[in-house]
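Dear colleague,

Please find below the sequence and the structure that I am handing over to you. My findings follow directly after them.

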Amino acid sequence: MAKKTKRIGILTAGGDCPGLNAVIRAVAKTAMHDHGYEAIGFQDGYYGLTVDKWVRLGRDDVSGILTRGGTILGSSNSHDPFRWACEKGGKIVYRDFSGKALAAYRRHGLDALVIVGGDGTMTVAGKLMNLGMNIVGVPKTIDNDLEGTDRTFGFDTAVTTATEAIDKLHDTASSHHRAMIVEVMGRYAGWLALTSGVAGGGDVILIPEIPYRIESVCECLKGRSKRGKRFSIVVVAEGAKALGGEMVVAKHDAKVPDPVRLGGIGNHLAAEIEKRTRLSTRVTVLGHLQRGGTPTAFDRALCTRFGCKAMHLVAEGAYGQIAALRGDEVISVPIKEIAGRVRTVPLDHGLLAAARSVGTCLGD
Ligand code: F6P
C-alpha cells in the first residue's frame with residue numbers, strides 16, 4: 001500500500017503583523033522541499049480551524065509572498081474555539097467549540113498544526129495540545145512581548161515604521177514651536193515606544209514599565225524651551241500611565257478574548273502638557289500603520305529562520321515547542337512555558353540606560 005503523504009496545517013491568529021506571509025512561505029516551502037509534506041492553511045486564524053475554512057498551500061500559492069505585508073490566510077483576534085462568543089436573546093454567551101476544531105484537524109489527516117501568533121494565541125494552542133493536536137508555534141507580534149524569545153517577528157518593521165514617523169514629525173515640529181506627541185502601540189510592554197523613541201531621538205519616552213510624573217515631563221519640555229530648543233518630541237506607549245493612575249482604555253469589547261483595547265493616552269497627555277506649560281501641542285496616533293507594510297530585511301530573514309525551524313521541529317516530532325531567537329541562534333522553547341506570559345522591558349535594560357545617558361526624560 002502506498003505510504004500516505006504527511007500533511008501539516010498552518011494558521012495565523014491574533015492581530016496581524018509584517019512578516020506573516022514570509023513565515024507561511026518558509027513553513028510550506030520547507031515542508032515540501034525538505035520533508036515531503038503537503039501543506040494546507042486555515043483561514044482567519046482559529047475561526048477557520050473551528051468552522052473548517054481552509055485552502056491548499058502548494059508551491060505556487062506561497063511563491064512571491066515573501067515581501068507582502070498582511071497574511072494571505074487572514075487572521076482574527078476575536079475567535080477562541082474554547083470560548084466562542086455567540087449572541088442569544090440580545091446577550092453574549094460563550095460556547096466551547098473546541099470539539100469542532102479537533103474534528104477539522106482530524107478530518108484533514110494532519111500530522112501537525114503550525115500556529116503563528118502571540119501570547120493569547122499560544123494560550124489557546126496549549127489547550128489544543130491537551131486535546132491531542134500536535135502543535136508547533138511561531139512567535140509573532142509587533143509588541144515584542146512574548147516570553148522565551150529575544151525577538152518576535154514584525155517588531156523590527158514596526159520599529160522602523162514608527163521611527164520614520166518620528167523623523168517626519170521632527171521636520172514639521174522644528175518649523176514651529178511645538179511639542180509633538182507620538183502615540184505608538186505595544187500593549188502592556190514598552191519595547192516599541194522605547195526602541196523607536198531612542199532610534200528617533202525622542203526627548204521624552206513614556207512606557208508602561210515606568211509610570212510617569214506629569215511634572216517631570218513638563219519640566220523637561222520647559223527646560224528645552226528655555227535652552228532655546230524650538231520643539232520637543234514625546235514618544236508615548238499606548239499602555240503608559242501616570243504614577244498612581246490607570247492606563248487609558250479606548251474600548252471594552254466583551255466579545256473578543258482580550259476585551260481591553262488601549263488608546264487615547266496621547267490626547268490625554270497633550271491636554272495636560274498644554275494646560276501646564278502653555279506649549280502648543282499636537283498628537284499623532286500611529287495606530288495600525290505600525291502593523292502594515294513590507295517586512296524589513298531583518299524580519300524577512302527572521303521569519304524565514306522561524307518558519308524553517310518550526311517545520312524541522314514538526315518533522316522531528318518535537319511538538320509543543322515554539323521557535324525562538326536566543327542571541328543569534330534560533331532555538332525551541334516549550335509553548336506551555338511562554339503561553340499567557342507577557343515580557344515587559346526590564347528596568348535594568350541597556351536601552352533604558354542608554355536613553356538616560358543621552359538625556360532622554362523617561363518621566364520618572
Ligand atoms: O498586539 C498587537 C497590537 O497591535 C497591540 O499593539 C495593540 O494594542 C492591539 O494589537 C490592537 O488590536 P486591534 O487590532 O484589535 O485594534
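How many residues of domain 1 are in contact with residues of domain 2, and how many of domain 2 with domain 1? In this predicted model, 19 residues of domain 1 touch 15 residues of domain 2.

The domain assignment of the protein chain places residues 7–153 and 295–338 in domain 1, and residues 156–290 in domain 2. Taken over C-alpha atoms, the centres of domain 1 and domain 2 are 32 Å apart. Between the two domains an area of about 1,400 Å² is buried, with carbon and sulfur atoms giving 54% of it. On the domain 1 side, Ile142, Asp143 and Thr296 lose the most area to domain 2, and together they account for 34% of what that side buries.

I turn next to the ligand. Its surroundings comprise Asn77, Thr141, Ile142, Asp143, Met185, Gly186, Arg187, Glu238, Arg261, His288 and Arg291.

- Arg291: a polar side-chain atom lies 2.7 Å from an oxygen atom of the ligand.
- Asn77: an N or O atom of the side chain is 3.1 Å from an oxygen atom of the ligand.
- Gly186: a polar backbone atom is 3.1 Å from an oxygen atom of the ligand.

On its own the ligand has 400 Å² of accessible area, and the protein covers 79% of this.

Finally, the nonpolar cores. The largest contains 63 residues, and Ile8, Phe153 and Ile233 have the most contacts inside it. This core lies between domain 1 and domain 2, because both domains give residues to it. Apart from it there is another core of 28 residues, including Leu110, Leu113, Met129 and Ile338. Beyond its neighbours within four places in sequence, Ile8 is in contact with Val27, Ala31, Tyr37, Glu38, Ala39, Ile40, Leu110, Ala112, Met311 and Val314.

With kind regards

Technical notes
Residues numbered from 1 in each chain as written. Predicted model: local features only at pLDDT ≥ 70, side-chain atom pairs only at ≥ 80, totals over all residues. Heavy atoms only, no water. Core = buried A, V, L, I, M, F, W, Y, C linked by side-chain atoms within 4.5 Å. Buried < 20%, exposed > 50% of the residue type's maximum accessible area, 1.4 Å probe, protein only. Domains from an automatic or database assignment. Contact = heavy atoms within 4.5 Å. Near = heavy atom within 4 Å. Polar contact = N/O pair within 3.5 Å; in protein donor to acceptor, adjacent residues only side chain to side chain. Areas by Shrake-Rupley, 256 points an atom, 1.4 Å probe, with all protein chains shown as cover. Buried area = accessible area lost by both parts, 1.4 Å probe.
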